[in-house]
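Me: I would like to go through this structure with you, one topic at a time. Please keep the answers brief.

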Amino acid sequence: MAKHRAPDSEAADFDAATSAVTDVTGDYVVDAQHTRIGIRARHAMVTTVRGSFGEFEGVAHLDMRRPEASSVVLRIRTATVDTGVADRDAHLRSADFLDVERYPEIRFVSTSVEELDDELYRVTGDLTIKDVTQPVSVDFSLTGSALDPWGNLRVGFEGALAIKRSDWGLTWNTPLDTGGVLVSDRIQIEFDVSAIRTAPAPGA
């Protein structure tokens with residue numbers, strides 16, 4: 001299996017994240033309005049095209065005492081891919097790429113969670129794109145926890161996954177006269193996740 005750890009995204013200067021809650025164990029739902037699932041690919045061997053998915057849903061169980069008991073399920077609606085260019089998005093939705101009419105979802109279902117550091121977790125699971133399922137691992141950083149003004153406990157995670165799209169049958173390409181291809185085989189999927197706790201751990 002290819003290495004799936006992606007390089008860190010570009011640094012940005014933000015206010016420091018908070019960790020207001022020491023034990024965030026419980027059940028969570030992904031807050032789609034404050035979460036971004038992005039994609040990056042090289043175009044014509046010279047630049048990077050960025051996009052994102054507009055609709056997705058996810059649930060997770062976090063267990064801070066026993067991280068191996070944690071789990072996550074994520075479903076992404078393929079037809080909502082958006083790179084800001086209508087013709088390109090239509091091509092990505094076509095049978096050349098995501099074939100959204102036949103395969104409306106990308107799914108990720110975790111199979112194991114490993115604590116690597118105090119705020120770093122490796123989530124391994126099955127990624128299904130079109131009709132192909134492959135195992136991948138994503139390293140997620142816990143970026144903070146807080147109670148929002150509406151009384152919700154929120155946690156944030158960031159992670160990135162580098163894959164070869166051809167491993168999932170997305171092989172369309174066009175050779176360039178100067179060498180190379182129009183679209184890189186290697187792509188990156190980026191996760192900036194805000195999740196809201198729906199139920200604390202029993203007894204919490």
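Me: Is R75 buried, partly exposed or exposed?
Reply: This is a predicted model, and in it R75 counts as partly exposed, because its relative accessibility is 33%.

Me: Which residue forms a salt bridge with R75?
Reply: The partner is E105, and the closest N and O atoms are 3.0 Å apart. E105 is partly exposed, with a relative accessible area of 23%.

Me: How many salt bridges are there by this rule?
Reply: The count comes to 11. One of them pairs R65 with D23, with 2.9 Å between the closest N and O atoms. R65 sits in the loop between β4 (56-62) and β5 (71-77), whereas D23 belongs to the segment before β1, so this pair connects parts that are 42 residues apart in sequence.

Me: And what is the exposure of those two, R65 and D23?
Reply: R65 is exposed, since its relative accessible area is 64%. D23 is partly exposed, at 25%.

Me: What about R154 and D148, buried or exposed?
Reply: Both R154 and D148 are buried. Their side chains meet in a salt bridge with an N to O distance of 2.9 Å. Salt bridges that share partners join D31, D148 and R154 into one network.

Me: D31 brings me to T35. Which atom of D31 does the T35 side chain reach?
Reply: The side chain of T35 reaches the backbone oxygen of D31, at 2.8 Å. A polar atom of the T35 side chain also lies 3.0 Å from the backbone nitrogen of S194.

Me: Where does T35 lie, and what else does T35 touch?
Reply: T35 lies in the loop between β1 (26-30) and β2. Leaving aside residues up to four places away in sequence, T35 touches V30, F56, D192, V193 and S194. T35 counts as buried because its relative accessibility is 11%, under the 20% limit.

Me: Let us step back. What does the secondary structure of the chain come to?
Reply: There are 1 helix and 11 strands. Along the sequence the pattern is β-β-β-β-β-β-α-β-β-β-β-β.

Me: What share of the contacts join residues at least 24 apart?
Reply: Among contacts between residues at least 6 apart in sequence, 58% join residues at least 24 apart.

Me: Now aromatics. How many aromatic pairs does a search of the whole structure find?
Reply: The search finds 2 aromatic pairs. In one of these, F97 and W172 are tilted, with 5.4 Å centre to centre and 55° between the planes. F97 is in the loop between α1 and β7, and W172 is in the loop between β10 (153-164) and β11 (183-200), so the pair links distant parts of the chain, 75 residues apart.

Me: Is F97 buried or exposed?
Reply: F97 counts as buried, at 6% relative accessibility, while W172 is partly exposed, with a relative accessible area of 24%.

Me: And how are F140 and F191 arranged?
Reply: F140 and F191 form a tilted pair, 5.6 Å centre to centre with 55° between the planes. F140 lies in strand β9 and F191 in strand β11, so this pair ties together parts that are 51 residues apart in sequence. F140 and F191 are buried.

Me: Turning to the backbone, what is the phi of D99 and of K130?
Reply: D99 has a positive phi of about 50°, although it is not a glycine. K130 is likewise a residue other than glycine with a positive phi, near 55°. Most residues other than glycine have a negative phi.

Me: Where are D99 and K130 found?
Reply: D99 is in the loop between α1 (86-93) and β7 (105-117), and K130 is in the loop between β8 (120-129) and β9 (132-147). D99 is buried, with a relative accessible area of 11%. K130 is buried too, at 16%.

Me: Lastly, which residues make the nonpolar surface patch?
Reply: M45, V46 and V181 make the patch, which covers about 260 Å². M45 is found in the loop between β2 (36-43) and β3 (47-53). M45 is partly exposed, with a relative accessible area of 46%.

Conventions. Residues numbered from 1 in each chain as written. Predicted model: local features only at pLDDT ≥ 70, side-chain atom pairs only at ≥ 80, totals over all residues. Heavy atoms only, no water. Patch = residues over 30% accessible without salt bridge, like charges linked within 9 Å, V, L, I, M, F, W, Y side chains within 5 Å. Areas by Shrake-Rupley, 256 points an atom, 1.4 Å probe, with all protein chains shown as cover. Salt bridge = Lys/Arg side-chain N within 4 Å of Asp/Glu carboxyl O. Helix = DSSP H or I, 4+ residues; strand = E, 2+ residues; numbered from the N terminus. Buried < 20%, exposed > 50% of the residue type's maximum accessible area, 1.4 Å probe, protein only. Contact = heavy atoms within 4.5 Å. Polar contact = N/O pair within 3.5 Å; in protein donor to acceptor, adjacent residues only side chain to side chain. Phe/Tyr/Trp six-rings, centres within 6.5 Å; stacked < 30°, edge-to-face > 60°.
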